[in-house]
Amino acid sequence: MSKSAIHNTFTANKKEDDLQELEHIPLSNSQTARSESGPPDGGFRAWGTVFGCFLMQFCGFGYISSFGVYQDYYTRIYLTNYPPSAISWIGASTSFLAVNVTLISGPLYDRGWFYRLMIAGSLLQSLSLFALSFAKPGQFHSAFIFQGVLAGFGMGLTYAPSIAVVSQHFSRRRTLAMSLVTSGTPLGSMIHPIMLNHLLNGTVGFARGIRASAGFVSALLLIACLCMRTRGLPVPTASYVVVARKCSREVLFILMTVGSTLFQIGFFFPLFYLQLDSTKHGIDTKFSFYSLVIMNAACFVGRCTAGIIATYTGVLNLTIASTVACSAIIISMMALSDVTSVVVLGLAYGYFSCVYIGLLVPLVTELTPNLSELGRFAWFSI
């Protein structure tokens, strides 16, 4: 046998041995290698996830922000035997649970329960809205349970995870991607009030109008669940107590959490009362129906531009400026008296409040030392 033939035979045998070794490599090692690689910063799966998360925010806080329509309708027509302060507890409970249920959804997201949280939260939100359509006039307890408690809990299961998952797909363009995701809230805040005002105050009525709205939300939630994907980041081994201790050592993180809590105490006041306040001051009813739309149109612009402006000013600096502006605008609501004041206050508050909201999660992400613990850090801050 010639030397070249021996060489070829040896090379072929070596390749077969190498292939056999590769076949015995565990699949988990390859998955770990992919999960430990950096975020792709783009691609079909990444932008598909952004679109799905956008729809989640559209149907989540986008729907909560339209509670001003319910506040006005309940006060004037459906729950006339209850004062506005009592009715506002429905919307307040929804927003409170949507934020604070992240105590549950945050750790579960870190443990890889993303898909289960999305499915469970979407089903609960959809069913609660359909159940709300069966509430009768004067039944405050039914509206409170279905709209205030069950819907709020469902939104809370999807809220933080549907934002945090974006960090798995983006690094350099993370702030821009998260700003696009959170812009779903103001866009939903424009579409839902128009739809609800025409349904509730038109010929459709409360029951069929709420069912139409619930069907619309349910279809979008289904599309969102089909679009979102994770990258299989490693599950954190640190316990919840350990993460809490880490948070307590981060001074900037603590200050941000305190400031966020104080801000959200007054955040929903214009959203709940601008339409009702406009009606009470004798402003045309048809125009009052669009007061929330005007506010949330500016909110949409604020969320879309927040990420762009933050690249020049810094996330923290722009967040501080927006909170100061919102405080001044809320105080100025005492001067509301005519159409011009409604437009000016709505545009100003809508823009600056949603600049803050659009930057909140990117700010949490910047101050989180380990992105695998982002879900738990997000709960402590949001």
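1. Is C354 buried or exposed? C354 is buried, with a relative accessible area of 2%; buried stands for under 20%, exposed for over 50%, and partly exposed for what lies in between, using a 1.4 Å probe and protein chains only.

2. This is a predicted model, in which local features need pLDDT of at least 70 and side-chain atom pairs count only at pLDDT 80 or more, while totals for chains, interfaces and linings use all residues. Residues are numbered from 1 along each chain as its sequence is written, and side-chain values use heavy atoms, with hydrogens and water left out.

3. The search of the whole structure finds 1 disulfide, a term that requires two cysteine sulfur atoms within 2.5 Å. C299 is joined to C354, with an S to S distance of 1.5 Å. The link of C299 and C354 is left-handed, with -50° about the S-S bond. Because C299 lies in helix 17 (residues 291-313) and C354 in helix 19, the pair ties together parts 55 residues apart in sequence. Helices here are DSSP runs of H or I with at least four residues, numbered from the N terminus. C299 also counts as buried, at 4% relative accessibility.

4. What about C326 and C225? The cysteine sulfur closest to that of C326 is in C354, 8.4 Å away, which is too far for a bond. C326 is buried at 1% relative accessibility. For C225, the closest cysteine sulfur is in C227, at 9.4 Å, again too far for a bond. C225 counts as partly exposed, at 22%.

5. S353 lies in helix 19, which spans residues 339-367, and is buried at 3% relative accessible area. A polar atom of the S353 side chain lies 3.4 Å from the backbone oxygen of G350. Leaving aside residues up to four places away in sequence, S353 touches F267 and C326; contact means heavy atoms within 4.5 Å.

6. How do helix 8 and helix 12 run relative to each other? Their axes, lines fitted to C-alpha atoms over the stretch in contact, come within 8 Å and cross at roughly 170°. Helix 8 (residues 114-132) and helix 12 (residues 206-227) are therefore roughly antiparallel, a term for angles over 145 degrees. The residues making the contact include M118, Q125 and F130 of helix 8, and I210, R211 and C225 of helix 12. By class, the contact has 10 nonpolar, 5 polar and 1 charged residues.

Notes:
Helix = DSSP H or I, 4+ residues; strand = E, 2+ residues; numbered from the N terminus. Polar contact = N/O pair within 3.5 Å; in protein donor to acceptor, adjacent residues only side chain to side chain. Axes fitted to C-alpha atoms, helices over the stretch in contact; angles between N-to-C directions. Parallel < 35°, antiparallel > 145°, perpendicular 65-115°, else oblique. Nonpolar A, V, L, I, M, F, W, Y, C, P; charged D, E, K, R; others polar.
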